[in-house]
Amino acid sequence: MPDEKNSNGKNGKSTGLVNAVKEDIESLKTDLPAKAKESLETLKNPTKTQVYTSIFRHKHDDTPRNRALGVLSNVFLHLHPAKINRDSVRYSYTWGMGGITFYLFLVLTFTGVLLMFYYHPTKVQAFRDVLYLEHDVPFGRILRNMHRWAAHLMVIAVELHMFRVFLTGSYKKPREFNWNVGVILLVLTLLLSFTGYLLPDDQLGFWAVTVGTNMARATPLLGHEGPFSNYLNMTPYNDVRFGLLGGSIVDANALLRSYIWHCIGIPIIASIFMVLHFWRVRKDGGISGPAPVILDSEVKEARK
Amino acid sequence: MDWKQLWEIMSAPDNVPIVAMIPLLGFYIYLAWRQAKANDSLIEQLEKDPALAKTHHRKAWPFKPGWTKEVHVWPFLLRVEFLAAIIVTIILMIWSISLNAPLEEPANPNLTMNPAKAPWYFLGLQEMLVYFDPWIAGVVMPTLIIFGLMVIPYIDTNPLGAGYYTWKQRKFAIGTFLFGFIVLWVSMITIGTFIRGPGWQWFWPGQTWDHNRLIYEVNRDLPDLFGITSNWAKGIFGAAVVGGFFVLGGLLVHAFFRRYNPKNYKRMSLLQYSILMVFFITMIGLPIKMLLRLAFHIKYVWITPWFNV
């Protein structure tokens, strides 16, 4: 049997075991300090550890290559190119409003998710939940305030972004399509803000949404008070306003519908268009400028 | 002067954004105008001096030989973005701590708010309800605004001014956009926010909101002024006036456009030109209808059994 050739001795397993344990302890005495020293050495240089290198794929010494990799190998940053025109970082040209709009969208998503923990979209609870948020939830009031002001700020930022894009002629070839995506995002931003207006279920939101959706009553063909709607047999109970509100007045169904549009429907649609918008900014050659000025005499007319 | 009333309107939490937006817009218009002016004078200089045009880097900002044309995004752009995020966060923090979001009484369908106002960014559309029936102000106009914005890149055939601020190279485009955005959109919002009081009546800033005020305004329809009584005649007359407005307006705009924008005019196809005309003249029609209503108390121009304009 192979066992007999082991170091266990002739007639006692116990002596072998003792020896083995002794040997193990001896080895620990020498190995432990050595390994501890080794670990301390690696702690002094954490960027060499396996954990670190598994997360960060490249070194961070200040070399042009690493600067580029810092952007390109990061999923959140790789929307950017590695290098850009030196003048396009100038705030006076871009106003930064597109980026600020996106940042505000992130702020709104964050605060919105937190608000959702405290809010029930029902007629009985909605208003009380807002009171609860304002008076009992820790930081509830600042949370709601921040969500509302960020929403208003986002509308302003979107309009200013569009204004800047127009003034710099950035919608011109080859960016025509992306301008259109931007227009859709503008509309979605307004709709996001508008659907959120009803959610506190107070007089302000109720009447604003009543005024707003009353306009849908007058839609030509599709609203029961609109021109030519009698040809489609429109009534208050089957027209486009009914579809928006889930009823003929702003009530429980309208609250639920605006909640779902506000928290799920429009954010998903807007996110898809945002992905498209950012992707097209890159594919259309980055931001439009600041480009060198072109003189009227240099324009080559396209042949028809 | 009712300062309290004025303060109540200005400081109503949901009006703060539009109060903030007006100076912000002023600042950005100034910023754009300053750069446009610098670029325009550079363009003028380069046009006079073709030799310089060949060597100049063609930006109003300084550029020295030896400077790289491109910089790394990390850190030169990312630090700007990071800073912007921090500044926006600080603004939001201060704003959220100092001003509470509005919360009125619980919703009550039996108690109408007076005035019942839409959120501030829709007040321009709500203001249009004074001048147009809801199907135009609430449905057709917003649709036209959206489509009007969308067609801009396809009808603007001017290749100049892409990627830099300029005024002289794009007078028509920028003038039209400023008119639509500042004069129509922002100023209508301002009227809706600050001027309109109970009953959607006109109260000058600082005038006390009188909930019992009645205005005996006799609004007339345009056909009535001409003594037209029969429904058929009213319909035909209105169609002729509206049609005439588009035809005459079109001719007038055409006369100016082909004289002052000959190159763009030549570049445009019939489709592009007619789309431009339709949107442009419809846009001009809005302030004209406002003027008719505010100055001459004219309610409808075109009366038919199905719709009124």
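Where in chain B does B:Lys117 lie? B:Lys117 sits in the loop between α5 and α6 (123–128) of chain B. Helices (H or I, at least four residues) and strands (E, at least two) are DSSP runs, numbered from the N terminus.

The model is predicted: local features need pLDDT of at least 70, side-chain atom pairs count only at pLDDT 80 or more, and totals for chains, interfaces and linings use all residues. Residues are numbered from 1 along each chain as its sequence is written, and chains are lettered from A and ligands numbered from 1 in the order in which they are written.

B:Lys117 is buried because 21 other C-beta atoms lie within 10 Å. The cut-off for buried is 20 or more other C-beta atoms within 10 Å of the residue's own, with C-beta atoms placed from the backbone. Not counting residues up to four places away in sequence, B:Lys117 touches A:Ala208, B:Leu123 and B:Gln126. Contact requires C-beta atoms, placed from the backbone, to lie within 7 Å. B:Leu52 is 65 residues from B:Lys117 in sequence and 57 Å away in space, C-alpha to C-alpha.

The contact between the chains takes 84 residues from chain A and 80 residues from chain B. On the side of chain B that touches chain A, α2 (16–48), β1 (70–72), α4 (73–76), α5 (78–98), α7 (134–155) and α8 (171–195) each supply at least two residues. α2(B) gives the most, with 12 residues.

The two chains also pair through strands. Strand β1 (residues 83–85) of chain A pairs with β1(B) in the antiparallel sense over three bridges; pairing requires at least two DSSP bridges between two strands. A:Lys83 has B:His72 as its bridge partner in β1(B).

How values were computed
Contact = placed C-beta atoms within 7 Å. Buried ≥ 20, exposed ≤ 12 C-beta atoms within 10 Å, placed from the backbone.
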